[in-house]
Amino acid sequence: MWGEETTCLLLALASRRGFARMFLLLALASRGEEMSPCVGRRNKATLYFLHQVPQIKDTLWQLAERKMLPAIWFIFSRRGCDAAVQYLEDCKLLDECEAGEVELEYRRFKKQYPDAVREVSVKGLLHGIASHHAGCLPLWKSFVEELFQRGLVKVVFATETLAAGINMPARTAIISSLTKKGETGRTFLSPNELFQMAGRAGRRGIDEVGHAVLIQTPYEGAEECYELLSTGLEPLVSQFTASYGMVLNLLAVRSMVIFVSC
């Protein structure tokens with residue numbers, strides 16, 4: 001978990017029960033605030049959690065200071081990804097050489113694909129911050145992926161669809177929440193979804209250790225985090241179903257290949 005005091009969170013994770021209470025007491029004490037008798041009450045804990053929710057800019061600079069970039073930051077909505085980029089677009093994560101290289105690549109891209117440019121994301125991109133989700137045009141997403149692979153984009157805000165099938169190796173994977181909105185309201189991530197996203201952390205042949213950061217929110221804290229992590233992975237169930245049509249298509253393709261080869 002990631003909060004204003006990393007040591008507090010690590011201490012909180014050392015005990016199974018009363019996580020929320022332990023974190024609140026330690027965090028408040030580290031900030032010199034007085035304790036209230038209602039801290040330990042479950043129905044009052046949310047009031048204190050609100051004070052401990054880390055701000056996105058603070059979290060970003062903490063990651064930069066600890067040399068934990070580049071990072072993929074998972075947010076479970078397209079609008080949230082774009083809003084995060086616009087909120088951080090004035091944060092400069094690139095040095096002069098990198099910024100000049102990104103600007104040069106952007107000009108080339110704009111000249112070749114003027115209609116594919118995502119104007120609302122340009123300022124952030126020039127500072128090393130980008131979004132990546134289904135609402136972006138494929139050409140723009142490919143451009144972001146290329147810059148990220150070259151180390152010219154330091155943070156990508158993405159939906160969970162980025163967790164599988166795309167080559168964007170990062171040192172750190174940041175998960176903004178343990179819950180997401182569904183058809184029936186807010187639901188917790190499954191252990192498989194959580195580990196799939198966390199598995200994006202660590203670049204093969206570059207990083208000895210990958211970092212997965214779970215951000216505390218008003219909806220969940222260290223206790224919920226531990227319960228989800230200790231649940232264990234769900235068994236994988238294959239969704240593959242063979243049908244007559246599939247078999248006929250495979251036979252047709254195979255016969256065509258044989259015919260061509262002859």
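**Salt bridges, helix packing and cysteines**

Glu101 comes out as partly exposed, with a relative accessible area of 30%; here buried means under 20% relative accessible area, exposed over 50%, and partly exposed in between (1.4 Å probe, protein chains only). The model is predicted, so to speak of a local feature takes a pLDDT of at least 70, and side-chain atom pairs count only at pLDDT 80 or more, while totals for chains, interfaces and linings use all residues. Residues are numbered from 1 along each chain as its sequence is written, and side-chain values rest on heavy atoms, with hydrogens and water left out.

Glu101 pairs up with Arg150 in a salt bridge, with 2.6 Å between the closest N and O atoms. This pair links distant parts of the chain, as Glu101 sits in helix 6 and Arg150 in the loop between helix 8 (138-149) and strand 3 (155-158), 49 residues apart. Helices (H or I, at least four residues) and strands (E, at least two) are DSSP runs, numbered from the N terminus. A salt bridge, in turn, is a side-chain nitrogen of Lys or Arg within 4 Å of a carboxyl oxygen of Asp or Glu. Arg150 is also partly exposed, at a relative accessible area of 37%. Both residues belong to a network of salt bridges that links Glu101, Glu105, Arg108, Glu146 and Arg150. In total, the count comes to twelve salt bridges.

Another of these joins Asp82 to Arg118, where the closest N and O atoms are 2.6 Å apart.

Glu103 is partly exposed at 33% relative accessibility, whereas Arg107 is exposed, with a relative accessible area of 55%.

Next comes helix packing. Two packed helices are described by the angle between their axes and the distance between the axes. For helix 4 (residues 56-65) and helix 5, the angle is about 75 degrees and the axes are 11 Å apart, so helix 4 and helix 5 count as roughly perpendicular to each other. Contact here means heavy atoms within 4.5 Å. Ile56, Lys57 and Leu60 supply the helix 4 side, and they meet Ala84, Tyr87 and Leu88 in helix 5.

As for the cysteines, the structure has zero disulfides, a disulfide being a pair of cysteine sulfur atoms within 2.5 Å. Cys136 is in no disulfide, and the nearest cysteine sulfur, that of Cys81, is 8.4 Å away. Cys136 is buried, at a relative accessible area of 4%, and Cys225 is buried at 3%.

Lastly, Asp207 is found in the loop between helix 9 (191-198) and strand 7 (211-214). Asp207 counts as buried, at 15% relative accessibility. Leaving aside residues up to four places away in sequence, Asp207 touches Ala170, Arg171 and Gly202. Thr172 is 35 residues from Asp207 along the chain, and their C-alpha atoms are separated by 10.0 Å.

Note on methods:
Axes fitted to C-alpha atoms, helices over the stretch in contact; angles between N-to-C directions. Parallel < 35°, antiparallel > 145°, perpendicular 65-115°, else oblique.
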